[in-house]
Amino acid sequence: MFQLDQLAYQYPGGQTLRFPDWQLPQAGQAVLTGPSGSGKTTLLSLLGGLLSPSAGRVVLAGQDVARLPASQRDAFRGRSIGFVPQRPHLVASLSVAENLQLAQYLAHLPQDPQRIDTVLTALGIAELARRKPAQLSQGQAQRVAIARAVVNRPAVLLADEPTASLDDEATAAVLALLRSAADEAGASLLVASHDGRVKSTFATTFALSRAGVSA
């Protein structure tokens, strides 16, 4: 689960985003909505420990992430947070399986080939384990990015606009994969999207507005 408590982030140029207090229970699923500039991607970065808040806190799995020393924060993020970016950002020189092994290594976890095989099988891409990213279709690469995000059984799974430029069939498939992967990992799932097809899929919505922006 995670909780936002008086959270704010100030950009280097001086603009500040202030976020409503909110929490998502363990294994809860929700969509994050809001107009451009409302801070969806910034909030995901704060939740993912990629940015540190200017004020307030993010509590994830009982831990105030920003208060962790940098060395511990990286390992905690790798173990407890799965992130699916808009583009897969797979390491081109590594195979699919090696990309997942890298996720385990960065989280300071032992290499677990069986876990990797289990995740790839669950997502229907076990036969791609030895392929390099350049040999994957867009849809296959997206599945690998989801596999990488859940391989360490994270407490929270975050996805940033995962259905951008996808048709209806592909959108439904990606959302089903995300939700089943979150269920398998027992993770809370938050999907940032402005896509109406995504919004209609989730019972819970966390809506941001430009009203939270100040100079």
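Phe2, Trp22 and Phe206 are linked into a cluster by ring pairs. Rings of Phe, Tyr and Trp (its six-membered ring) pair if their centres lie within 6.5 Å; planes under 30 degrees apart count as stacked, over 60 as edge-to-face and the rest as tilted. This is a predicted model, in which local features need pLDDT of at least 70 and side-chain atom pairs count only at pLDDT 80 or more, while totals for chains, interfaces and linings use all residues. Residues are numbered from 1 along each chain as its sequence is written, and side-chain values use heavy atoms, with hydrogens and water left out.

A search of the whole structure finds 3 aromatic pairs.

| Pair | Distance between centres | Angle between planes | Class |
|---|---|---|---|
| Phe2 and Trp22 | 5.8 Å | 55 degrees | tilted |
| Trp22 and Phe206 | 4.3 Å | 5 degrees | stacked |

Phe2 belongs to strand β1 (residues 2–10) and Trp22 to strand β3 (residues 22–24), so their pair ties together parts that are 20 residues apart in sequence. Phe206 lies in strand β10 (residues 205–207) and Trp22 in strand β3, so this pair ties together parts 184 residues apart in sequence. Helices (H or I, at least four residues) and strands (E, at least two) are DSSP runs, numbered from the N terminus.

Are Phe2 and Trp22 buried or exposed? Both are buried, and Phe206 is buried as well. Buried means under 20% relative accessible area, exposed over 50%, and partly exposed in between (1.4 Å probe, protein chains only).

Asp64 is in strand β6 (residues 63–64). Its relative accessible area is 12%, so Asp64 is buried. From C-alpha to C-alpha, Asp64 and Phe206 are 21 Å apart in space, and they are 142 residues apart in sequence. Leaving out residues up to four places away in sequence, Asp64 touches Arg57, Val58 and Val59, where contact means heavy atoms within 4.5 Å.

The protein chain as a whole has 7 helices and 11 strands. Its radius of gyration is 17 Å, close to the 17 Å that the globule rule gives for 215 residues, so the chain is as compact as a globular protein of that length. The radius is taken over C-alpha atoms, and the rule is 2.2 Å times the number of residues to the power 0.38. Of the 215 residues, 50% count as buried. Among contacts with a separation of 6 or more, 72% come from residues 24 or more positions apart.
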